[in-house]
Amino acid sequence: MTDSPVPDSTGMTNRVREHKWFTPWLLVAPATLWLCVFNLYPALNTVYMAFTNKKPLGGGEFVGLANFERMLDDDQLVYALTNSVLYMLVCVPLLTMLPLLLAVLVEKKLPGLTFFRVAFYTPVVASAVVVALIWNWMLDDRGAINAILQALKVVQEPLPFLTDRWLLLFSAISLTVWKGLGYYMIIYLSALGNVGKELHEAAAVDGAGPVRRFWSITVPGVRGTMLLITILITVSSLRVFSELYVMTGGTGGPGGRVSSVVMLIQMYSTGFTGHLGYASALSLLLFVLTLVPMVLLVRLNRKDG
(Lines give C-alpha, C1' and ligand atoms only; values in the text may rest on other atoms or scores of the structure.)
Protein backbone atom coordinates (compact mmCIF):
# COMPACT_ATOMS: atom_id res chain seq x y z
CA MET A 1 0.00 0.00 0.00
CA THR A 2 1.56 3.30 -1.12
CA ASP A 3 1.67 6.37 1.05
CA SER A 4 -0.45 9.29 -0.10
CA PRO A 5 1.11 12.76 -0.26
CA VAL A 6 0.97 14.67 3.02
CA PRO A 7 -0.73 18.08 2.77
CA ASP A 8 1.35 21.04 3.87
CA SER A 9 0.18 24.00 5.99
CA THR A 10 -1.63 25.59 3.03
CA GLY A 11 -3.67 22.46 2.37
CA MET A 12 -1.87 21.68 -0.87
CA THR A 13 0.20 18.61 -1.48
CA ASN A 14 3.84 18.79 -2.39
CA ARG A 15 3.04 16.84 -5.53
CA VAL A 16 0.68 19.60 -6.75
CA ARG A 17 3.31 22.29 -6.28
CA GLU A 18 6.01 20.41 -8.14
CA HIS A 19 6.53 21.20 -11.82
CA LYS A 20 9.31 21.20 -14.37
CA TRP A 21 11.37 24.35 -14.95
CA PHE A 22 10.12 24.62 -18.53
CA THR A 23 6.40 24.40 -17.72
CA PRO A 24 5.86 28.21 -17.72
CA TRP A 25 7.71 28.47 -21.03
CA LEU A 26 5.44 25.85 -22.55
CA LEU A 27 2.41 27.86 -21.48
CA VAL A 28 3.58 31.09 -23.09
CA ALA A 29 5.13 29.42 -26.15
CA PRO A 30 1.98 29.50 -28.38
CA ALA A 31 1.38 33.21 -27.75
CA THR A 32 5.08 33.99 -28.20
CA LEU A 33 5.21 32.04 -31.47
CA TRP A 34 2.09 33.84 -32.71
CA LEU A 35 3.58 37.27 -31.93
CA CYS A 36 6.89 36.42 -33.57
CA VAL A 37 5.35 35.04 -36.77
CA PHE A 38 2.54 37.55 -37.29
CA ASN A 39 3.90 40.70 -35.59
CA LEU A 40 7.63 40.76 -34.99
CA TYR A 41 8.78 39.14 -38.26
CA PRO A 42 6.51 41.28 -40.54
CA ALA A 43 7.69 44.44 -38.73
CA LEU A 44 11.36 43.58 -39.13
CA ASN A 45 10.81 42.47 -42.71
CA THR A 46 9.12 45.81 -43.49
CA VAL A 47 12.15 47.69 -42.16
CA TYR A 48 14.44 45.54 -44.32
CA MET A 49 12.37 45.93 -47.50
CA ALA A 50 12.26 49.73 -47.06
CA PHE A 51 15.91 49.78 -48.12
CA THR A 52 15.47 47.46 -51.11
CA ASN A 53 13.81 47.53 -54.55
CA LYS A 54 11.65 44.54 -53.69
CA LYS A 55 8.70 43.90 -56.03
CA PRO A 56 6.03 41.19 -56.07
CA LEU A 57 7.78 39.33 -58.88
CA GLY A 58 11.42 40.00 -58.10
CA GLY A 59 13.99 42.45 -56.88
CA GLY A 60 15.15 42.67 -53.32
CA GLU A 61 18.51 44.32 -53.87
CA PHE A 62 19.74 46.85 -51.33
CA VAL A 63 19.26 50.43 -52.63
CA GLY A 64 20.03 52.42 -49.50
CA LEU A 65 17.92 55.57 -49.05
CA ALA A 66 16.60 55.59 -52.63
CA ASN A 67 13.02 54.89 -51.54
CA PHE A 68 13.09 57.74 -49.05
CA GLU A 69 14.58 60.10 -51.64
CA ARG A 70 11.74 59.16 -53.96
CA MET A 71 9.27 60.50 -51.37
CA LEU A 72 10.63 64.02 -51.88
CA ASP A 73 9.37 64.04 -55.49
CA ASP A 74 6.10 62.17 -54.93
CA ASP A 75 3.20 64.60 -55.43
CA GLN A 76 0.70 61.93 -54.38
CA LEU A 77 2.46 61.64 -51.04
CA VAL A 78 2.18 65.41 -50.53
CA TYR A 79 -1.59 65.20 -51.11
CA ALA A 80 -1.87 62.18 -48.82
CA LEU A 81 0.10 63.84 -46.01
CA THR A 82 -1.97 67.01 -46.32
CA ASN A 83 -5.19 65.03 -46.14
CA SER A 84 -4.02 62.94 -43.18
CA VAL A 85 -2.81 65.94 -41.18
CA LEU A 86 -6.03 67.87 -41.92
CA TYR A 87 -8.01 64.78 -40.94
CA MET A 88 -6.18 64.73 -37.61
CA LEU A 89 -6.52 68.48 -36.96
CA VAL A 90 -10.30 68.35 -37.45
CA CYS A 91 -11.08 64.97 -35.87
CA VAL A 92 -9.00 65.33 -32.70
CA PRO A 93 -10.82 68.36 -31.18
CA LEU A 94 -14.25 67.24 -32.38
CA LEU A 95 -13.97 63.63 -31.22
CA THR A 96 -12.34 64.70 -27.96
CA MET A 97 -15.00 67.20 -26.83
CA LEU A 98 -18.26 66.17 -28.52
CA PRO A 99 -18.33 62.63 -27.03
CA LEU A 100 -17.62 64.15 -23.60
CA LEU A 101 -20.58 66.51 -23.96
CA LEU A 102 -22.77 63.60 -25.06
CA ALA A 103 -21.57 61.50 -22.11
CA VAL A 104 -22.42 64.30 -19.68
CA LEU A 105 -25.90 64.55 -21.18
CA VAL A 106 -26.74 60.84 -21.29
CA GLU A 107 -25.23 60.24 -17.83
CA LYS A 108 -28.18 61.96 -16.20
CA LYS A 109 -30.94 59.67 -14.96
CA LEU A 110 -33.84 60.93 -17.03
CA PRO A 111 -36.65 58.96 -18.70
CA GLY A 112 -35.90 57.91 -22.26
CA LEU A 113 -32.13 58.45 -22.12
CA THR A 114 -31.51 54.72 -22.68
CA PHE A 115 -32.90 55.16 -26.18
CA PHE A 116 -30.43 57.94 -26.93
CA ARG A 117 -27.51 55.91 -25.57
CA VAL A 118 -28.39 53.11 -27.97
CA ALA A 119 -28.96 55.55 -30.84
CA PHE A 120 -25.59 57.23 -30.35
CA TYR A 121 -23.78 53.88 -30.17
CA THR A 122 -25.52 52.26 -33.17
CA PRO A 123 -23.14 53.76 -35.81
CA VAL A 124 -20.20 52.17 -33.95
CA VAL A 125 -21.39 48.60 -34.53
CA ALA A 126 -22.24 49.28 -38.18
CA SER A 127 -19.65 48.35 -40.78
CA ALA A 128 -17.52 51.29 -41.92
CA VAL A 129 -17.83 50.14 -45.53
CA VAL A 130 -21.63 49.88 -45.37
CA VAL A 131 -21.93 53.28 -43.69
CA ALA A 132 -19.61 54.86 -46.28
CA LEU A 133 -21.73 53.41 -49.10
CA ILE A 134 -24.86 54.87 -47.51
CA TRP A 135 -23.19 58.27 -47.23
CA ASN A 136 -22.13 58.01 -50.87
CA TRP A 137 -25.76 57.49 -51.81
CA MET A 138 -26.89 60.42 -49.66
CA LEU A 139 -24.18 62.81 -50.94
CA ASP A 140 -24.55 61.95 -54.62
CA ASP A 141 -25.66 64.68 -57.02
CA ARG A 142 -29.10 63.05 -57.03
CA GLY A 143 -28.89 61.95 -53.40
CA ALA A 144 -30.99 62.89 -50.39
CA ILE A 145 -28.79 65.77 -49.18
CA ASN A 146 -28.75 67.62 -52.49
CA ALA A 147 -32.46 66.95 -52.98
CA ILE A 148 -33.27 68.51 -49.60
CA LEU A 149 -31.00 71.51 -50.19
CA GLN A 150 -32.55 72.14 -53.60
CA ALA A 151 -36.08 71.69 -52.27
CA LEU A 152 -35.36 74.31 -49.57
CA LYS A 153 -33.91 76.64 -52.24
CA VAL A 154 -30.57 76.71 -50.42
CA VAL A 155 -28.67 75.83 -53.60
CA GLN A 156 -29.60 75.97 -57.27
CA GLU A 157 -27.25 73.25 -58.48
CA PRO A 158 -26.23 70.02 -56.71
CA LEU A 159 -23.16 70.41 -54.53
CA PRO A 160 -20.25 68.24 -55.74
CA PHE A 161 -19.75 66.40 -52.47
CA LEU A 162 -18.12 63.44 -54.21
CA THR A 163 -16.24 65.21 -57.01
CA ASP A 164 -14.73 68.29 -55.35
CA ARG A 165 -11.52 67.60 -53.44
CA TRP A 166 -12.26 69.57 -50.28
CA LEU A 167 -15.97 68.77 -50.10
CA LEU A 168 -15.15 65.08 -50.51
CA LEU A 169 -12.47 65.23 -47.82
CA PHE A 170 -14.71 67.01 -45.31
CA SER A 171 -17.56 64.63 -46.14
CA ALA A 172 -15.29 61.74 -45.17
CA ILE A 173 -14.24 63.60 -42.00
CA SER A 174 -17.88 64.14 -41.04
CA LEU A 175 -18.50 60.41 -41.53
CA THR A 176 -15.57 59.55 -39.25
CA VAL A 177 -16.76 61.98 -36.56
CA TRP A 178 -20.35 60.74 -36.72
CA LYS A 179 -19.29 57.10 -36.52
CA GLY A 180 -16.86 57.64 -33.64
CA LEU A 181 -19.10 59.70 -31.33
CA GLY A 182 -20.77 56.72 -29.67
CA TYR A 183 -17.56 54.76 -29.15
CA TYR A 184 -15.73 57.52 -27.33
CA MET A 185 -18.91 58.48 -25.47
CA ILE A 186 -18.94 55.04 -23.82
CA ILE A 187 -15.31 55.49 -22.75
CA TYR A 188 -16.14 58.86 -21.22
CA LEU A 189 -19.17 57.41 -19.44
CA SER A 190 -16.96 54.93 -17.60
CA ALA A 191 -14.57 57.76 -16.65
CA LEU A 192 -17.38 60.03 -15.43
CA GLY A 193 -18.34 57.36 -12.90
CA ASN A 194 -15.07 58.09 -11.09
CA VAL A 195 -15.70 61.84 -10.80
CA GLY A 196 -16.99 62.52 -7.29
CA LYS A 197 -20.59 63.72 -7.18
CA GLU A 198 -19.84 65.57 -3.95
CA LEU A 199 -17.54 67.92 -5.89
CA HIS A 200 -20.42 68.95 -8.16
CA GLU A 201 -22.73 69.34 -5.19
CA ALA A 202 -20.21 71.49 -3.31
CA ALA A 203 -19.59 73.65 -6.38
CA ALA A 204 -23.34 74.06 -6.91
CA VAL A 205 -23.75 75.19 -3.30
CA ASP A 206 -20.99 77.77 -3.88
CA GLY A 207 -22.95 79.11 -6.85
CA ALA A 208 -21.05 77.53 -9.76
CA GLY A 209 -23.19 77.01 -12.83
CA PRO A 210 -23.23 73.95 -15.12
CA VAL A 211 -20.62 75.40 -17.50
CA ARG A 212 -18.29 76.34 -14.68
CA ARG A 213 -18.64 72.89 -13.08
CA PHE A 214 -17.99 71.25 -16.44
CA TRP A 215 -14.67 73.04 -17.00
CA SER A 216 -13.51 73.04 -13.36
CA ILE A 217 -14.60 69.56 -12.24
CA THR A 218 -15.62 67.30 -15.13
CA VAL A 219 -12.78 68.06 -17.54
CA PRO A 220 -9.98 67.72 -14.91
CA GLY A 221 -11.64 64.56 -13.60
CA VAL A 222 -11.48 62.82 -16.99
CA ARG A 223 -8.14 64.27 -18.09
CA GLY A 224 -6.40 60.92 -18.22
CA THR A 225 -9.20 59.45 -20.33
CA MET A 226 -9.14 62.53 -22.55
CA LEU A 227 -5.43 61.98 -23.21
CA LEU A 228 -6.07 58.33 -24.10
CA ILE A 229 -8.88 59.28 -26.47
CA THR A 230 -6.75 62.01 -28.06
CA ILE A 231 -4.00 59.48 -28.77
CA LEU A 232 -6.47 56.97 -30.21
CA ILE A 233 -8.04 59.60 -32.47
CA THR A 234 -4.65 60.88 -33.60
CA VAL A 235 -3.49 57.42 -34.63
CA SER A 236 -6.81 56.58 -36.29
CA SER A 237 -6.88 59.86 -38.23
CA LEU A 238 -3.37 59.43 -39.59
CA ARG A 239 -4.18 55.84 -40.56
CA VAL A 240 -7.59 56.54 -42.10
CA PHE A 241 -8.43 54.22 -44.99
CA SER A 242 -11.96 52.80 -45.24
CA GLU A 243 -13.85 56.09 -45.41
CA LEU A 244 -11.67 57.65 -48.10
CA TYR A 245 -11.27 54.42 -50.04
CA VAL A 246 -15.01 53.71 -50.28
CA MET A 247 -16.13 57.31 -50.82
CA THR A 248 -13.59 57.78 -53.62
CA GLY A 249 -14.22 54.35 -55.14
CA GLY A 250 -10.60 53.40 -54.50
CA THR A 251 -9.34 56.04 -56.94
CA GLY A 252 -8.31 58.69 -54.41
CA GLY A 253 -10.85 61.19 -55.72
CA PRO A 254 -10.27 63.78 -58.46
CA GLY A 255 -6.68 63.51 -59.60
CA GLY A 256 -5.94 61.11 -56.74
CA ARG A 257 -5.74 64.11 -54.37
CA VAL A 258 -8.12 62.71 -51.72
CA SER A 259 -6.03 59.70 -50.78
CA SER A 260 -4.36 58.89 -47.48
CA VAL A 261 -0.94 57.46 -46.69
CA VAL A 262 -2.51 54.05 -46.06
CA MET A 263 -4.18 54.20 -49.46
CA LEU A 264 -0.79 54.88 -51.07
CA ILE A 265 0.72 51.94 -49.22
CA GLN A 266 -2.11 49.73 -50.44
CA MET A 267 -1.72 51.02 -54.00
CA TYR A 268 2.05 50.44 -54.16
CA SER A 269 1.98 47.05 -52.43
CA THR A 270 -0.59 45.33 -54.67
CA GLY A 271 -0.59 44.17 -58.26
CA PHE A 272 2.14 42.76 -60.46
CA THR A 273 3.66 46.23 -60.91
CA GLY A 274 3.68 47.04 -57.21
CA HIS A 275 6.75 48.35 -55.45
CA LEU A 276 7.00 46.64 -52.08
CA GLY A 277 10.20 48.48 -51.20
CA TYR A 278 8.62 51.90 -51.60
CA ALA A 279 5.44 50.76 -49.84
CA SER A 280 7.57 49.59 -46.90
CA ALA A 281 9.31 52.98 -46.79
CA LEU A 282 5.89 54.65 -46.67
CA SER A 283 4.95 52.32 -43.82
CA LEU A 284 7.98 53.49 -41.84
CA LEU A 285 7.04 57.10 -42.54
CA LEU A 286 3.52 56.44 -41.29
CA PHE A 287 4.93 54.79 -38.17
CA VAL A 288 6.98 57.90 -37.40
CA LEU A 289 3.99 60.16 -38.11
CA THR A 290 1.85 58.29 -35.59
CA LEU A 291 4.63 57.94 -33.03
CA VAL A 292 5.62 61.61 -32.82
CA PRO A 293 2.19 63.00 -31.78
CA MET A 294 1.78 60.20 -29.23
CA VAL A 295 5.14 60.99 -27.60
CA LEU A 296 4.40 64.72 -27.57
CA LEU A 297 0.99 64.22 -25.98
CA VAL A 298 2.38 61.96 -23.28
CA ARG A 299 5.22 64.38 -22.50
CA LEU A 300 2.83 67.33 -22.34
CA ASN A 301 0.57 65.40 -19.99
CA ARG A 302 3.49 64.57 -17.67
CA LYS A 303 4.65 68.19 -17.75
CA ASP A 304 1.18 69.48 -16.85
CA GLY A 305 0.88 66.83 -14.13
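**Burial, rings and helices in a predicted model**

Modeller: In this predicted model, C91 has 0% relative accessibility and therefore counts as buried.

Colleague: What makes C91 buried?

Modeller: Buried means under 20% relative accessible area, and C91 is at 0%, so the term applies.

Colleague: Why is C36 called partly exposed?

Modeller: C36 is at 34% relative accessibility. Buried would need a value under 20% and exposed a value over 50%, so C36 falls in between and counts as partly exposed.

Colleague: How many disulfides are there?

Modeller: Zero, from a search of the whole structure. The cut-off for a pair of cysteine sulfur atoms is 2.5 Å.

Colleague: How many aromatic pairs are found, and why is the pair of W34 and F38 called tilted?

Modeller: The search finds seven aromatic pairs. In the pair of W34 and F38 the ring centres are 4.5 Å apart and the planes are at 40°. Stacked requires planes under 30 degrees apart and edge-to-face over 60, so 40° makes this pair tilted. Both residues belong to helix α2, four residues apart, or about one turn of the helix.

Colleague: What makes W34 exposed?

Modeller: Its relative accessibility is 54%, and exposed means over 50%, so W34 counts as exposed.

Colleague: Why is the pair of W135 and W178 tilted?

Modeller: The planes of W135 and W178 are at 45° and the ring centres 5.8 Å apart, so the pair is tilted. It links distant parts of the chain, with W135 in helix α6 (residues 128–139) and W178 in helix α8, 43 residues apart.

Colleague: Are W135 and W178 buried or partly exposed?

Modeller: W135 has a relative accessible area of 17% and is therefore buried. W178, at 38%, counts as partly exposed.

Colleague: How do you know that the length of α8 agrees with its number of residues?

Modeller: Helix α8 has 28 residues (165–192), which at 1.5 Å a residue should span 40 Å. The end C-alpha atoms are 39 Å apart, so the two values agree. There is also a kink of about 35° in α8, centred on L181.

Colleague: What makes α8 mostly covered, and which residue caps its N-terminal end?

Modeller: Of the 28 residues of α8, 20 are buried. The cap is D164, with a side-chain oxygen 3.2 Å from the backbone nitrogen of W166.

Colleague: What sits over the ring of W166?

Modeller: The charged end of R165, 4.2 Å from the ring centre. The cut-off for that distance is 6 Å.

Methods. Residues are numbered from 1 along each chain as its sequence is written. This is a predicted model: local features need pLDDT of at least 70, side-chain atom pairs count only at pLDDT 80 or more; totals for chains, interfaces and linings use all residues. Side-chain values use heavy atoms; hydrogens and water are left out. Helices (H or I, at least four residues) and strands (E, at least two) are DSSP runs, numbered from the N terminus. The expected span of a helix is 1.5 Å times one less than its number of residues. The bend at a residue is the angle between axes fitted to the seven residues ending there and the seven starting there. Buried means under 20% relative accessible area, exposed over 50%, partly exposed in between (1.4 Å probe, protein chains only). A polar contact is a pair of N or O atoms within 3.5 Å; within protein, one must be able to donate a hydrogen and the other to accept it, and residues adjacent in sequence count only if both atoms are side-chain atoms. Rings of Phe, Tyr and Trp (its six-membered ring) pair if their centres lie within 6.5 Å; planes under 30 degrees apart count as stacked, over 60 as edge-to-face and the rest as tilted. A charge sits over a ring if NZ of Lys or CZ of Arg is within 6 Å of the ring centre and within 35 degrees of the ring normal.
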